[in-house]
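Dear colleague,

Please find below the structure that I am handing over to you. My notes on it follow directly after.

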Amino acid sequence: MSTEYKAYIFDIDGTVLDTAPRILASIREALALCEVRYALEDINQHLIGPKIADILDILGVKGDEKLKTKVVKTFREIYDNNPITGTSIYPQMQELLSKLKNNNIQCFVATNKPKKPLMQLLQFFNLDFFDDIYCPDKYDTQIMSKTEMIAEIIEKYHLAPATILYIGDTKGDYEACAKNNCPFGFASWGYEQDKKSLKKLAHEVLI
């Protein structure tokens with residue numbers, strides 16, 4: 001892939017880092033501790049991408065908000081205290097980020113991963129390539145969606161949407177790009193189940 005864009009925005013889970021093993025193990029542990037029954041085959045990497053509360057909805061943990069809140073809290077206690085084990089960086093991303101940095105091209109993060117585990121991971125993998133980092137709890141006063149994160153990066157850094165490539169691995173990433181009128185780069189090694197459809201929608205396909 002060329003470095004023709006003026007700026008790049010990156011998702012993290014399934015795009016820069018393979019975080020699925022640790023996230024899924026933490027979900028299983030949280031469900032077990034909260035005595036929630038689930039089918040083993042339902043806990044797979046295609047769940048990764050949405051916020052943990054939305055993942056629980058997919059798994060059928062909804063309706064009982066008290067239980068759902070308990071599972072989310074338990075998951076956060078497990079995962080946030082150790083997001084590193086089982087996590088690895090995709091070699092393609094290490095190479096691309098280094099190339100962009102060497103060419104002095106602006107790079108940003110816009111991810112659904114909360115601040116605490118995100119910063120632990122960026123520090124552990126020495127990912128110091130980013131001009132700014134956006135996550136749902138970047139600010140204490142609001143919870144941001146990925147669409148809002150991209151919009152704020154565009155406004156704050158005076159970027160033309162057509163000159164930015166957002167690189168992610170799910171349909172949700174594509175939709176956030178579309179709402180901001182910026183091109184989408186599909187990290188085809190990621191967690192999206194319907195890869196064929198997303199390849200057709202993407203402006204760039206990274207393999």
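**Fold and overall dimensions**

Among contacts between residues at least 6 apart in sequence, 65% join residues that are at least 24 apart. Please bear in mind that this is a predicted model.

The chain's secondary structure consists of eight helices and eight strands. Its radius of gyration is 17 Å, close to the 17 Å that the globule rule gives for 207 residues, so the chain is as compact as a globular protein of that length. The C-alpha trace spans about 50 × 35 × 30 Å along its principal axes.

**Burial, surface and charge**

Of the 207 residues in the chain, 50% are buried. The accessible surface amounts to about 10,200 Å², and carbon and sulfur atoms account for 50% of that area. As for charge, there are 25 positive and 29 negative side chains, with the centres of the two sets 2 Å apart.

**Nonpolar cores**

The largest nonpolar core comprises 51 residues, and those with the most contacts inside it are Y8, F10, I27, L31, L127 and F130. At least two residues of this core come from each of β1 (7–10), α1 (20–33), α2 (52–58), α3 (65–80), α4 (91–102), β4 (106–110), α5 (115–124) and β6 (164–168). Helix α1 gives the most to this core, namely six residues. Apart from this core lies another, of 20 residues, which include Y134, M144, L159 and L198.

Neighbours within four places in sequence aside, L31 is in contact with V36, Y38, I43, L56, L59, V61 and V71.

**Two partly exposed residues**

Two further positions may be of interest to you. Q45 is located in the loop between α1 and α2. With a relative accessibility of 34%, Q45 counts as partly exposed. If neighbours within four places in sequence are left aside, the contacts of Q45 are A20, L24, G190 and Y191. The C-alpha atoms of Q45 and T170 are separated by 12 Å, although these residues are 125 apart along the chain.

F124, for its part, belongs to helix α5. Its relative accessible area is 49%, and F124 is therefore partly exposed, since the exposed class begins over 50%. Between the C-alpha atoms of F124 and C135, which are eleven residues apart along the chain, the separation is 18 Å.

With kind regards

Definitions and conventions
Residues numbered from 1 in each chain as written. Predicted model: local features only at pLDDT ≥ 70, side-chain atom pairs only at ≥ 80, totals over all residues. Heavy atoms only, no water. Helix = DSSP H or I, 4+ residues; strand = E, 2+ residues; numbered from the N terminus. Rg over C-alpha atoms; globule rule 2.2 N^0.38 Å. Buried < 20%, exposed > 50% of the residue type's maximum accessible area, 1.4 Å probe, protein only. Contact = heavy atoms within 4.5 Å. Areas by Shrake-Rupley, 256 points an atom, 1.4 Å probe, with all protein chains shown as cover. Lys, Arg positive; Asp, Glu negative; His and termini not counted. Charge placed at Lys NZ, Arg CZ, Asp CG, Glu CD. Core = buried A, V, L, I, M, F, W, Y, C linked by side-chain atoms within 4.5 Å.
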